[in-house]
Amino acid sequence: MKQILEVKNLTTYFHTDEGTVHAVEDVSFMLNEGETLGIVGESGCGKSVTALSILRLIPMPPGKIESGEIIFDGRNLIHMPEEEIRRLRGNRVAMIFQDPMTSLNPFLRISRQLTEPLEVHKGITHREALKRAIDMLALVEIPSPARRIYDYPHQFSGGMRQRVMIAMALICEPRILIADEPTTALDVTIQAQILDLLKKIQAETGTAVLLITHDLGIVAGMCDRIVVMYAGRIVESAATETLFGQPLHPYTLGLLRSLPRLDQSKKERLTPIEGLPPDLIHFPSGCHYSPRCELVVSRCREEAPPLMKAAAGRMSACWRWDDLVAG
């Protein structure tokens, strides 16, 4: 598979009156053509900031991409001129944001919000753009698209608004689609429909997908590979089936233990991860996960483990990853 995106040692901080928030620190991963890569972790672990950094959408100030590289088509997006990055956003790299109600403009009809990217990025006429927009609404399975395209966002249900967001993100045929918690505000039935729709469209278009979520149940059925983040850092990465079969970081194991499973007895209780994520301004010494870890030893509290090769195609930031294999 051809590599389409490479993030190298990305570090993004927010400089506030209270101190420097280490939102993303030394994050590296790659995305291949036609692949779905999942980034998972608790709220506040840096998933969304990573995605926003890729498109240079971090509010500056207080945010700042301190260092690293984001290589797309052989170019570093961090050093790309503002005018060029604006031409890339929504065109070659698109994003589905978390809340479609706040991402869609409530004062504009859906028709205008779908045709504008085509007119700006592709330079086609309004009539051509409108036809393509109607076709895209049909692709995301909105009933009567030729009529509904003239409605306002508040006239759509939550699930339908999310479909409109998917249509907007895909209308310029991007090479990469970043989906940031695309099903968070939806009920379980609509969640399944949206995920099935994303898989169907990806199969048809070959778009590479970066899926950001806190829900391991979603990445299990959607992703080829998974990156697990904790406190702004990657703590594990592996192929999906491998990671679910044998996690090599205590945090990943904790996430899996807290996930309901159909093959377990209803009487079995879920095992939560004790404690809270660390303050991103004042980290504990050593491994950031050590205050919550059941495998912690003195070395963990003194020295932060790097993200190291743990097995073929696998990375783990844990001094005791081999104990998880043995256990």
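Biologist: Where is the place of P61?

Modeller: This is a predicted model. In it, P61 sits in the loop between α1 (47–54) and β4 (63–72). P62 is in the loop between α1 and β4 as well.

Biologist: What kind of peptide bond joins M60 and P61?

Modeller: The bond is cis, with omega about -10°. The peptide bond from P61 to P62 is also cis, with omega near 10°. Most peptide bonds are trans.

Biologist: Why does T252 count as buried?

Modeller: Buried means under 20% relative accessible area. T252 has 1% relative accessibility, so T252 counts as buried. The residue is found in helix α11 (residues 250–257). Leaving aside neighbours within four places in sequence, T252 is in contact with V228, E236, L243 and P247.

Biologist: What makes the pair R320 and D323 a polar contact?

Modeller: The cut-off for such a pair of N or O atoms is within 3.5 Å. The side chains of R320 and D323 make their polar contact at 2.7 Å, so the distance meets that cut-off.

Biologist: Why does N9 count as partly exposed?

Modeller: N9 has 40% relative accessibility, which is between 20% and 50%, so N9 counts as partly exposed. N9 is found in strand β1 (residues 3–15), and its phi is positive, near 50°.

Notes
Residues are numbered from 1 along each chain as its sequence is written. This is a predicted model: local features need pLDDT of at least 70, side-chain atom pairs count only at pLDDT 80 or more; totals for chains, interfaces and linings use all residues. Side-chain values use heavy atoms; hydrogens and water are left out. Helices (H or I, at least four residues) and strands (E, at least two) are DSSP runs, numbered from the N terminus. Buried means under 20% relative accessible area, exposed over 50%, partly exposed in between (1.4 Å probe, protein chains only). Contact means heavy atoms within 4.5 Å. A polar contact is a pair of N or O atoms within 3.5 Å; within protein, one must be able to donate a hydrogen and the other to accept it, and residues adjacent in sequence count only if both atoms are side-chain atoms.
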